[in-house]
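Please read this report alongside the sequence and the model. It takes up charged pairs, sheets and a pocket in turn.

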Amino acid sequence: MSEKPTQEPQLEAEEESVITPEVPAEPDPETLIVNDDDTEVSARYADVYMNHELGSVAAMTKEADNIFLFFSETKMALRIHCLTDQMIRFRYALRGEFPADFSYAIDEQFAPTAPKVVMDETSTHYVIKTAVLKCFIDKTDMRIRMENLDGEVVCEDSLGFQARSTILKGLERIGMHKKSPANEYFFGLGDKSSILNLRGKSFENWATDSFAYGEGTDPLYKSIPFYYGLKDGVGYGIFFDNSYRTHFDFAETDPEEVAFWAEGGEMNYYFIYGPELLDIARQYTDLTGKPEMPPMWALGFHQCRWSYFPDARVREVANEFRKRRIPCDAIYLDIDYMDGYRCFTWNKKLFPNPTSMIKDLRHKGFRTVVMIDPGLKVDDKYEVYAQGKERDYYCRRPDGDLMLGPVWPSECAFPDFTRPEVRSWWGYLYRELYSKNQVAGFWNDMNEPAVFKVTAKTFPEDVRHSYDGHPCSHSKAHNIYGLNMARATRDGLLSLKSHRRPFVITRATYAGGQRYSCVWTGDNVASWEHLQIANRQCQRLSISGFSFTGSDIGGFVDYPSGELVVRWLQLGIFHPLYRIHSMGNNVDGAAEVDEDQVSEAASRNRLDQEPWAFGQTYEAPARKAIELRYQLLPYIYTTFRRYVLDGTPMLRSMSFYDQRDPYLLEEERDFMFGDQLLVSPVIQEGLEKQKVYLPKGEWYYYWTGEGYTGGEQVTVGAPLSRIPMFIKAGSILPHYPVRQYTDEFPVDEVMLHTYYAEGTHESKLYEDYGDGFNFKQGEFSDKTFQFTGSASAVTVTQAKEGHFRDTYLHIHLLFYGLPFTPSRAVVDGQAIEVQTRELAGQTIYQVSVNNGFKKVDLS
C-alpha cells in the first residue's frame with residue numbers, strides 16, 4: 001500500500017522541534033565525560049542528545065476523505081489514515097516530511113475499504129469518527145485517545161509520541177507511550193517464550209540465534225511487533241511496523257503505562273479495533289497477508305535430526321517407519337548432506353546417488369526435505385559463491401568490503417535478499433535440487449542472519465542493504481533478512497514448478513512472513529519446561545499471524561525420556577507443522593566425517609529420537625498419537641483453509657474463545673484448535689488424570705463420548721495413550737482412515753463424528769487434490785454440514801460448493817449424546833438401518849450413507 005507524499009503547509013510559527021544543549025569547547029580527547037544518557041565515554045566520542053516533542057496543533061489539512069494531516073508548532077507531522085471502520089494507521093514525521101511508504105510486512109493484496117469518515121472539532125480536540133470508532137486528537141499536545149461508540153476508552157496516549165536523536169548517531173529512539181489500567185491484559189508479540197499474558201514484562205525484537213533458550217530468554221528468532229490489549233472484555237491490537245530493533249514494555253517500568261519504541265526508523269503503527277480478539281486476529285492477518293494452502297503431505301508427520309547420513313542410514317530410518325507401521329510423510333537432511341557445507345551441493349561420499357535415493361524414498365511414500373543456509377562458503381572454486389561474487393550479490397560493509405563471517409564454513413558471504421535480482425538468482429539456485437533430484441521441500445536455517453564467534457551473533461549494524469531501492473544499514477534490514485530469504489526460496493520454487501505448492505520452513509522472519517513459509521520455534525531443549533514453552537509459543541505465534549507453526553518435538557538439545565516424547569507428540573498433533581527434530585547426541589551430527597565415521601554411523605546403535613527409540617512401552621502410544629494426527633487430517637486441512645481465506649488462527653489461546661471469562665484469561669495450558677476442538681495437553685511428568693476448565697456450553701470428552709456442561713472444572717483420565725480433548729456440542733468432526741502417508745491410497749470412506757446439541761449448528765469439510773492450484777479454478781469440495789437437534793429428533797443436511805470429485809463413496813455418521821433412542825433413520829426420503837456401538841459405556845448410533853446425501857433424519 002502507499003500514500004502520496006504531502007507538502008507541509010506554511011506555518012506561522014518557526015519554532016524548532018528539538019532542544020539542543022549548549023556545546024562546550026572541545027575537551028581533551030583523553031578526558032572521560034558523561035554523555036546526556038549517563039554513559040561514560042572518552043571525550044573524543046562525547047555526543048549531544050536532542051529530544052523531539054510534538055507540541056500543539058498548528059494546522060490541519062484533509063488529504064482525502066479518510067486521511068488527515070496534522071502539523072505541530074514544532075514542525076512535526078501526524079498522518080491519520082482510516083483504512084477501515086476498525087483499522088486506523090498513525091504515522092509521525094519529525095520534520096514534517098514522510099519517508100517513502102514501503103514495508104515488507106504489508107500484503108500487496110490488502111485492500112482498504114475507504115470507510116465513510118466524519119471530522120468534528122471541539123475547543124480542545126479534533127474528532128475523527130468511523131462507523132465504530134472515535135479518534136480524539138488533543139489540540140495542545142497531539143495525544144491520541146480511541147473510544148468506541150459507547151464512549152468506552154479503548155486506548156489512550158500517556159506521554160504519547162517521543163523521539164530522541166544525537167549528532168553522532170542520528171535518530172536513535174522513536175517511541176510511543178500509552179496508558180494501561182491495572183486490569184488490562186496483553187497477548188501476542190509472536191516468538192516469545194514467556195507466559196501468555198505479557199503484562200509486567202518487557203521484550204525486544206531482534207532476530208537472534210538463541211541456542212537452548214529458556215523461558216526468560218529474549219529476543220528469540222522472529223520479530224513480530226504486534227500485540228493485543230484487552231480490558232473489560234474489549235480488545236484492540238497494535239501493529240508497530242518498524243523493522244529496526246524494537247522494544248515493548250507492558251507496564252513493567254511503569255505499572256500504569258505500556259510503551260513501545262524502535263532504535264530508528266519511523267513511528268508507524270496500526271490501531272485495530274475488535275472488540276473481539278478473533279476479529280482483531282483476522283484483520284491483522286488481512287493486513288499482513290495469508291499463505292496459500294500447503295501440500296497435504298506437509299501436514300503429515302515429519303522426521304528430522306542433525307544429521308541423518310549416509311544414504312544407507314536414511315533408507316534404514318525410512319524402512320523402520322514402514323516396518324513398524326508408524327505413519328510418516330517426510331524425512332529431513334540437515335547440513336551434513338552438503339559438500340563441506342556448500343549449499344546446493346551433495347557430499348558424494350555420503351550420498352553418491354541422491355536422485356536414486358530420493359526416488360526410492362518417494363516410492364515408499366516419503367518426501368525429502370533439505371536444509372539451505374544463507375551463508376555461502378568463500379571458495380572461488382565453488383560455483384555458487386563465485387557466481388554471486390561476480391554479480392556483486394553479497395552484502396557489503398560501508399567501505400565496500402564484502403561482509404564475511406563464520407557460520408558452518410569458516411568464512412561465508414551473505415546474499416542481500418533485499419535486492420529483487422538477488423532473490424531471483426537465489427530462487428533459481430534450487431533448480432538442481434528441486435527439479436533434477438526431486439527434493440520436495442526446503443528448510444531455511446541460520447537466517448537471522450547468524451554469525452558464529454561474535455558476541456552480537458550477527459552482522460555489524462552498519463552493513464549495507466538495498467532494501468528494495470531504499471538503501472539502509474543492517475540495523476533496519478536485520479529483522480527482515482529471514483523473511484526475504486524465505487520469500488526468495490518460495491518464489492523460486494514456484495517459478496521452477498508452477499504446478500506444485502511450495503513447502504518452505506524458516507527459522508527467522510518478520511511480520512508478514514507467513515505469506516512465504518511456515519516456521520518452527522528453534523533450538524529448544526528436551527525438558528518438561530520446554531514442552532510447556534512450546535505449547536505457549538505455538539499459541540502465541542498462531543494469534544500473531546503464523547498458524548503454520550510447530551516445535552522440535554522431543555527437544556533439539558539434550559535427550560528426552562520416552563514419556564516426554566509421547567506427550568510432545570500428542571501436543572504436536574495440534575501444531576500444523578508436526579516434526580521430531582534433535583541435534584543427534586551422537587556422531588551422526590558430526591561436522592566433518594571420514595570413512596570410519598561413515599561406517600560407524602551406518603552400523604552402530606544410537607541414542608535416537610525416532611518414535612520407536614524408547615522401547616515398546618512408548619512406541620505404542622507414540623504410534624497412536626501419530627495415527628490420530630492422520631485421522632484428523634480432514635479437520636486440520638479444513639481449519640487451514642479457513643486460515644487461508646479469512647485469517648482465523650488455527651490454534652488460539654482460551655482467552656480468544658471467551659474473552660469475558662476471567663478464568664480463561666489466565667489459562668496457559670489449554671487451547672482451541674479450530675472452532676470445535678478444545679485441547680488440554682499433558683505437560684507435567686507422571687500424570688494419569690487431569691483437571692480441565694470447560695468454557696460455558698456443552699462439551700464431549702473425545703475418548704469416551706461422555707458429555708459435560710461447561711463453566712466449571714472437570715477431571716478426566718489422561719493415561720499415556722491419550723491427550724485430553726473435548727468436542728464442542730453440535731459439531732461434526734470428520735475423520736479419515738489411518739494411512740502410512742497422506743497419499744498411500746485414495747480415501748475410501750469418511751467418518752463424521754456428530755455430537756448432539758439442541759438448536760442448529762454448522763460444520764465444514766474442505767477437500768481438494770492436496771497439491772497444485774486447480775482449486776483456484778473451482779476444483780475443490782467445500783461441504784457445509786448443518787446439524788439440528790431437539791429432544792426427540794436430529795437432522796443433518798449437506799450442501800456442497802466446488803466440482804472436485806471425492807474419492808470416497810461412503811460416509812458413516814456416528815451420533816454421540818442423543819437424548820432419545822432412535823427407532824429409524826431416513827436418508828433423502830429412504831429408510832435405512834441404524835446401527836449401534838458401545839464406547840466406554842456410552843451408546844453410539846451409526847448411520848452409513850452415500851457420499852452425496854442431502855439430508856439425514858433420526859427420530
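## Salt bridges

A salt bridge is counted here when a side-chain nitrogen of Lys or Arg lies within 4 Å of a carboxyl oxygen of Asp or Glu. The model is a predicted one, in which local features need pLDDT of at least 70 and side-chain atom pairs count only at pLDDT 80 or more, while totals for chains, interfaces and linings use all residues. Residues are numbered from 1 along each chain as its sequence is written, and side-chain values use heavy atoms, with hydrogens and water left out. Side chains of opposite charge can pair when their charged atoms come close. By this rule the model holds 56 salt bridges, and one of them joins the side chains of R490 and D491, with 3.6 Å from N to O. R490 has a relative accessibility of 15% and therefore counts as buried, whereas D491, at 36%, counts as partly exposed; buried means under 20% relative accessible area, exposed means over 50%, and partly exposed lies in between (1.4 Å probe, protein chains only).

Another salt bridge is formed by the side chains of R91 and E266, at 2.6 Å from N to O. R91 belongs to strand β8 (residues 87–93) and E266 to the loop between β20 (257–262) and β21 (267–273), so the pair ties together parts that are 175 residues apart in sequence. Helices (H or I, at least four residues) and strands (E, at least two) are DSSP runs, numbered from the N terminus. Both R91 and E266 are buried. The side chains of R313 and E610 also meet in a salt bridge, at 3.9 Å from N to O. Here R313 lies in helix α2 (residues 311–324) and E610 in the loop between α11 (595–603) and α12 (616–631), so this pair ties together parts that are 297 residues apart in sequence. R313 and E610 are likewise both buried. Salt bridges also link D209, D445, E448, R507 and D523 in a network.

## Two buried strand residues

R79 has its place in strand β7 (residues 77–82) and, at 1% relative accessibility, counts as buried. Its side chain is joined to that of E63 by a polar contact of 3.1 Å, the term standing for a pair of N or O atoms within 3.5 Å, of which, within protein, one must be able to donate a hydrogen and the other to accept it, and residues adjacent in sequence count only if both atoms are side-chain atoms.

F186, in strand β15 (residues 185–188), counts as buried at 0% relative accessibility. F186 and K231 are 45 residues apart in sequence, and their C-alpha atoms are 9.1 Å apart in space.

## Sheets and paired strands

Strands of a sheet pair through backbone hydrogen bonds, either parallel or antiparallel. Two strands are taken to pair if DSSP finds at least two bridges between them. Nine strands form an open sheet with parallel pairing, in the order β33-β32-β31-β28-β24-β23-β22-β35-β34. At its edges stand β33 (549–550) and β34 (552–553), each with a single partner strand, so one side of each is left without a neighbour in the sheet. Within this order, β22 (residues 301–303) and β23 (residues 330–333) run parallel and are joined by two bridges, with A330 of β23 as the bridge partner of H302.

An open sheet of three strands, with antiparallel pairing, has the order β25-β27-β26. Its edges are β25 (376–377) and β26 (404–405), each of which has a single partner strand, so one side of each is left without a neighbour in the sheet. Two bridges pair β25 with β27 (residues 412–413) in the antiparallel sense, and A413 in β27 is the bridge partner of L376. Elsewhere, β43 (residues 725–728) runs antiparallel to β38 (residues 677–679), with three bridges between them, and L677 has I727 as its bridge partner in β43. Strand β40 (residues 698–701) also pairs with β43 in the antiparallel sense over three bridges, where F726 is the bridge partner of Y701.

## The largest pocket

The largest pocket has a volume of about 570 Å³. On a 1 Å grid over the protein atoms alone, a pocket is an open set of points where a 1.4 Å probe fits, with protein on both sides within 12 Å along at least five of seven lines, and lining residues have an atom within 4 Å of a point. Grid points are joined across faces, edges and corners, and a volume is the space filled by probe spheres set on the points.

The lining consists of 23 residues, of which I106, D107, E108, Q109 and R515 lie nearest the centre of the pocket. Helix α8 (residues 481–496) provides the largest share of this lining, three residues. By class the lining has nine nonpolar, three polar and eleven charged residues, where Ala, Val, Leu, Ile, Met, Phe, Trp, Tyr, Cys and Pro count as nonpolar, Asp, Glu, Lys and Arg as charged, and the others, Gly among them, as polar.
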